[in-house]
Amino acid sequence: MPEAARRGDDASFPPFLFPDYRSTRLRAPTMPLLPPPPSVRELTGPGPALAAEVDPNADLTRNAGGAGTAIGERIIVTGTVLDSSGDPIPRALIEIWQANAAGRYVHDEDGHDAPLDPNFSGIGTCVTDANGAYRFVTVRPGAYPWVNHPNAWRPAHVHLSVFGPAFSDRLVTQMYFPGDPLQELDPIFNSVPDPAARRRLVARYAHDVTEPGTALGFRFDVRLAGVAATPSEGTSDGA
Amino acid sequence: MAREPTPPQTVGPFFHGSLLREPRTRLAPDGVAGERIRIEGRVLDGEGRPVTDALVEVWQAEVAARDADRAGDDGGSGGSAGFGRSGTDGVGRYGFESVRPVRSPAPDGSSEAPHLDVLVFARGLLDRLATRIYFEDDDPVAIDPFLRAVPEERRATLIATRDEEGRYLHDLVLQGASETVFFDA
């Protein structure tokens, strides 16, 4: 069997084919990824323009259009978006989506028998500030069952989609919560090969972010792989 | 290599309300000059079945540059021209409208054939997939050194064909004998 296709290094990046996650079996490419066209490494993406035109909508406890507030444990999720050198990225666009506190998404295809919350859409957008920082207010999402294997449950998570300035910065990932016993049973979480890399998907409880009487704080930094994910092999761009 | 990048995870099946909250399938604002084109195709799995919950993002960088250049005369759109996002429908189909791409310079001084840069996301894809769409009537292999470096038998997976109605057709095949060329970017 050929080595499974994957992007980037073999510690942080999941292989496309990960049979424990059943849906990969017919969707994973099986041929090796080719080196990219040289211009892709230098390509500026749509992120800056998208960030400039978006209306930030970062309080998910009260953005569902009604007068009420979402049910659940109120949380603050904040962090810094960094480039591959560890420098903060201002004006990065972050879009998130998540299940409500009962583990149910506002989505036609979500058949989980758990209640919807009329005051929770589970959708937010935010642009990082001059220091690369973002901040959402939301409720802690519930775990929910899925059909991957018998008695399969997704650990609580928030989906994040991030645009940095470069085309190759593009990242879609999931943020998990500390101390969740479902993580070690979850093939999506475990598709990331290196345990230290998996830990980078878990937010940290941050008491300095917690607002007294209001909401618990979590910190989750996002480091984009960017152009440097592909070794430059001595080309003149020095990436 | 980036030190300790944040690992990617699948987009899953429930992204629509967030990532497709507004339509973004027109890449070129009205003021951008050029032949108006439509590009469409299906996302297919390893058994040739439609992937009905994929997300296709396209980036036509030269349109963004041309739109920004219009700022001097009629204002430009001031926005994200050149970027498109399409979900796939019940038969796995995505689609975009734009202006016909033009050649762009390559870092080594050669030219790149007209193309779109493409990212594919879906439930069951643990990471995004990067590819390109070239256009058959540009004779892209003759222009583009990158395309010539792709094994000859796989080049067609990067090149859209034109149907009798003038639409460009391009399927994105995730797995199998006719698997689309994806690259490490």
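**Confidence in the model**

- For the complex as a whole, the predictor gives an ipTM of 0.95 and a pTM of 0.94.
- The mean pLDDT of chain B is 93, with 95% of its residues reaching 70 or more, while chain A averages 92, with 93% of its residues scoring at least 70.
- Over residues 228-239 of chain A, pLDDT stays under 50, and for this stretch the model has 23 contacts beyond four places in sequence. Where pLDDT is low, the predicted coordinates should not be read in detail.

**The overall build of chain A**

- Chain A contains three helices and 11 strands, and along the sequence these elements follow the pattern α-β-β-β-β-β-β-β-β-α-α-β-β-β. Its radius of gyration is 19 Å, close to the 18 Å that the globule rule gives for 239 residues, so chain A is as compact as a globular protein of that length.
- Taken along the principal axes, the C-alpha atoms of chain A fill a box of roughly 55 × 45 × 30 Å.
- Of the 239 residues in chain A, 48% are buried.
- Among the contacts in chain A between residues at least 6 apart in sequence, 70% join residues that are at least 24 apart.

**The neighbours of strand E8 in chain B**

- Strand E7 (residues 115-122) of chain B runs antiparallel to E8(B), and six bridges join the two strands; within this pairing, B:His115 has B:Tyr134 in E8(B) as its bridge partner.
- The hairpin of E7(B) and E8(B) has six residues between the strands, and there B:Gly124 takes a positive phi near 90 degrees.
- Strand E9 (residues 159-162) of chain B runs parallel to E8(B) and is joined to it by two bridges, with B:Ala160 in E9(B) as the bridge partner of B:Phe135.

**Strand E1 of chain B and its partners**

- Strand E1 (residues 36-44) of chain B pairs with strand E4 (residues 93-99) of chain B in the antiparallel sense over seven bridges, and in this pairing B:Ile39 stands opposite B:Phe96.
- E1(B) also pairs in the parallel sense with strand E10 (residues 168-169) of chain B over two bridges, where B:Ile39 stands opposite B:Tyr168.
- Two further bridges join E1(B) to strand E11 (residues 172-173) of chain B, which runs parallel to it, and B:Leu172 in E11(B) is the bridge partner of B:Val43.

**The nonpolar core**

- The largest nonpolar core has 108 residues, of which A:Ala92, A:Val162, B:Val43, B:Val120 and B:Phe121 touch the most other members. The largest share of this core, six residues, comes from E7(B).
- In soluble globular proteins, nonpolar side chains tend to be buried together.
- Leaving aside neighbours within four places in sequence, B:Val120 is in contact with B:Val43, B:Ala54, B:Val56, B:Leu125, B:Arg128, B:Leu129 and B:Leu172.

**A buried loop residue, B:Gln60**

- B:Gln60 lies in the loop between E2 and H2 of chain B; because 28 other C-beta atoms are within 10 Å, B:Gln60 is buried.
- Although B:Gln60 and B:Ser98 are 38 residues apart in sequence, their C-alpha atoms are 8.9 Å apart in space.
- Beyond the neighbours within four places in sequence, the contacts of B:Gln60 are B:Leu27, B:Gly82, B:Ser98, B:Pro101 and B:Leu116.

**Where the two chains meet**

- In all, 57 residues of chain B are in contact with 69 residues of chain A. On the side of chain B that touches chain A, the elements giving two or more residues are helix H1 (16-19), helix H2 (61-69), E7 and E8 of chain B. By class, this side of chain B has 31 nonpolar, 13 polar and 13 charged residues.
- In H2(B), the buried residues include B:Ala61, B:Val63, B:Ala64, B:Arg66 and B:Asp67, and the buried residues of this helix pack against helix H1 (47-53) of chain A together with strand E2 (54-59) and E4 of chain B.

Technical notes. Residues numbered from 1 in each chain as written. Chains lettered and ligands numbered in written order. Predicted model: local features only at pLDDT ≥ 70, side-chain atom pairs only at ≥ 80, totals over all residues. Pairing = 2+ DSSP bridges. Helix = DSSP H or I, 4+ residues; strand = E, 2+ residues; numbered from the N terminus. Contact = placed C-beta atoms within 7 Å. Nonpolar A, V, L, I, M, F, W, Y, C, P; charged D, E, K, R; others polar. pLDDT = per-residue confidence, 0-100. Rg over C-alpha atoms; globule rule 2.2 N^0.38 Å. Buried ≥ 20, exposed ≤ 12 C-beta atoms within 10 Å, placed from the backbone. Core = buried A, V, L, I, M, F, W, Y, C linked by C-beta atoms within 7 Å.
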